[in-house]
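Have a look at the structure, then read on.

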Amino acid sequence: MRGAVFGSVQSPAVRRGVVAALATASLVLSAACSTGGEEGTSGTGAASPTASRSPGSSASPSASADLPPAKGSAKVVSTLTEGLKSPWGLTALPGGDLLVASRDEGTVHRIDGESGKQTLLGSVPGVSPAGEGGLLGLAVPSTFAADGWVYAYLTTTSDNRIVRMSYDEKRPAGQQLGAPDTILRGIPKGNIHNGGRIAFGPDKMLYAGTGETGDTGLAQDKESLAGKILRMTPDGEPVHGNPEADSVVYSYGHRNVQGLAWDARKRLWAAEFGQNTWDELNLIEPGGNYGWPEVEGQEGEDGFIDPVAQWKTSEASPSGIAYAEGSIWMAGLRGERLWRIPLSGDADKEPLADPQSFLDEKHGRLRTVVSAGGDRLWLVTSNTDGRGEPKPGDDMILLVEVG
C-alpha cells in the first residue's frame, strides 16, 4: 500500500515514517501512455494519482559541506544550433564538439561546440525507423582520440542492436563514418519501448538501456535482452563482475530505460517511463529487479527495488539524464521540463530535497541532456519527432547553466 503523498515526489523513507515537512502541491491528473507509447502528448487509461517523491529529509547539520543546496537553478544561456530533425542521441567529443543522431533520418552530424556549425558525418546503414525506433543513442569511449570509434544503438528490420563505426574527419563530409560493426544484436524491437540510451561508465564498460517493446513479460525474463540495463565490454562481451558470467544483463524488471548517468561516487542512475501512474528515477544495483510489470513506482514489495524518486507521467516521461553540480538532471518529454534531483551523502540513497522543475513548457519536449562540464549542460529538444509541436528553429541544442 502506498504511503502518504507529499509535494511532487514520494520516497521510500515516507513509508518508513521518516517524513519531511514538505508543502503539498496540486498536480494535474493524467495518464502517460496511449497505445502509441508514453512519449505521446496524450494518453488513454486511468488517470494517475497525485504525484509523489519526497526527500527523506533535508541535509542534517552533520551533512557534508559539499552537498548541493536544497534549491537549485537552471537557465538557458544560449542556443548552440537549430534545425535538427528528430534528434535523439548526443555525445561529446574530446575538445568540446558534439555528435548528434537523427532518429528518423538515420544520420549523424558533428556540431561545433562554439559556433554550432553542423557537419554531416554520414548515414548509418541498416536503420529502420518506425514508431519509437530508429537511430537512437550515441557514445564514444575514452579511447576515442586513439581509435576513432563511434557507438550507436539502432533499430533494424529485425531487432535493436549496438554497432560501432570508425570516424575519419579527414574524409569528405557525408563519408566520414565507416561501415557498422555489430557488437551486440538480438535486442527485441517494437513500435514502442525500444530503450536506446548507451553510455560508457567510469569502468570504461559500455552500458545500454532497453525497453520491453510492449511485451511486458520480457522485463522479468532474464534470458531476454528486453526491459534491461546491459553491461558489456567495448567489444560487446559480458563483463567480469556481471550478475551472471555469461550474460550482459546487469539489471532487469525495467519498462523502458532511456536515461543513464553516473554521479561523483560512480553510482549508476537510470530514468524510465512508467505506464499510467509513475515515472521513475532508479539507483541501479547489479542483479537488481526493478519490478516491472509486477509493480510500478514505490510499492515497497519484497524482491523488488523501489525507485528513489517518482513522478506522475504527465509531469515527466523522462528520457536522458546527466549529473552536474551534485544533482541528477532529467529531461522530460511529455512533461516538457528539466528536473533537478539533488543527491544526498554516502549514508543515504534518498534525494537531499524535493526535486525541482525548470524550463516548464518553454522549449517543448526535452529529449537528451549531457554534461558540458562544470555547471553547464547540453539540452536537446524533441519537437520534430511526430509527437511535438515544432516552432521556428526546432529542433535545437541549448546550453543550460545550472546550480
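## A buried arginine and its partner

Arginine 110 has a relative accessibility of 16%, so it counts as buried. In this predicted model, its salt-bridge partner is glutamate 169, with the closest N and O atoms 3.7 Å apart. The two sit 59 residues apart: arginine 110 belongs to strand β4 (residues 107-111), while glutamate 169 is in the loop between β8 (160-166) and β9 (181-187). At 52% relative accessible area, glutamate 169 is exposed.

## Arginine 164, with two aspartates

Arginine 164 is buried too, at 12%. Aspartate 181 pairs with arginine 164 at 3.2 Å between the closest N and O atoms; this one runs from strand β9 to strand β8, 17 residues apart. Aspartate 181 itself is partly exposed, at 31%.

Aspartate 235 also forms a salt bridge with arginine 164, at 3.0 Å N to O. That link spans 71 residues, with aspartate 235 in the loop between β12 (228-232) and β13 (249-252). Aspartate 235 comes out as partly exposed, at 46%. Elsewhere, shared partners tie Glu39, Glu132, Arg365, Arg367, Asp385 and Arg387 into one salt-bridge network. The structure holds 17 salt bridges.

## Threonine 81

Threonine 81 lies in strand β1 (residues 74-81) and is buried, at 6% relative accessibility. Its side chain has a polar atom 3.0 Å from the backbone oxygen of glycine 116, plus a polar contact of 2.9 Å with the side chain of glutamine 118.

## The largest pocket

The largest pocket has a volume of about 690 Å³. Its lining has 28 residues, and Thr91, Ala199, Phe200, Trp262 and Val370 are the closest to its centre. The lining splits into 17 nonpolar, nine polar and two charged residues.

How values were computed:
Residues are numbered from 1 along each chain as its sequence is written. This is a predicted model: local features need pLDDT of at least 70, side-chain atom pairs count only at pLDDT 80 or more; totals for chains, interfaces and linings use all residues. Side-chain values use heavy atoms; hydrogens and water are left out. Helices (H or I, at least four residues) and strands (E, at least two) are DSSP runs, numbered from the N terminus. Buried means under 20% relative accessible area, exposed over 50%, partly exposed in between (1.4 Å probe, protein chains only). A polar contact is a pair of N or O atoms within 3.5 Å; within protein, one must be able to donate a hydrogen and the other to accept it, and residues adjacent in sequence count only if both atoms are side-chain atoms. On a 1 Å grid over the protein atoms alone, a cavity is a set of points where a 1.4 Å probe fits but cannot get out, and a pocket is an open set with protein on both sides within 12 Å along at least five of seven lines; lining residues have an atom within 4 Å of a point. Grid points are joined across faces, edges and corners, and a volume is the space filled by probe spheres set on the points. Ala, Val, Leu, Ile, Met, Phe, Trp, Tyr, Cys and Pro count as nonpolar, Asp, Glu, Lys and Arg as charged, and the others, Gly among them, as polar. A salt bridge is a side-chain nitrogen of Lys or Arg within 4 Å of a carboxyl oxygen of Asp or Glu.
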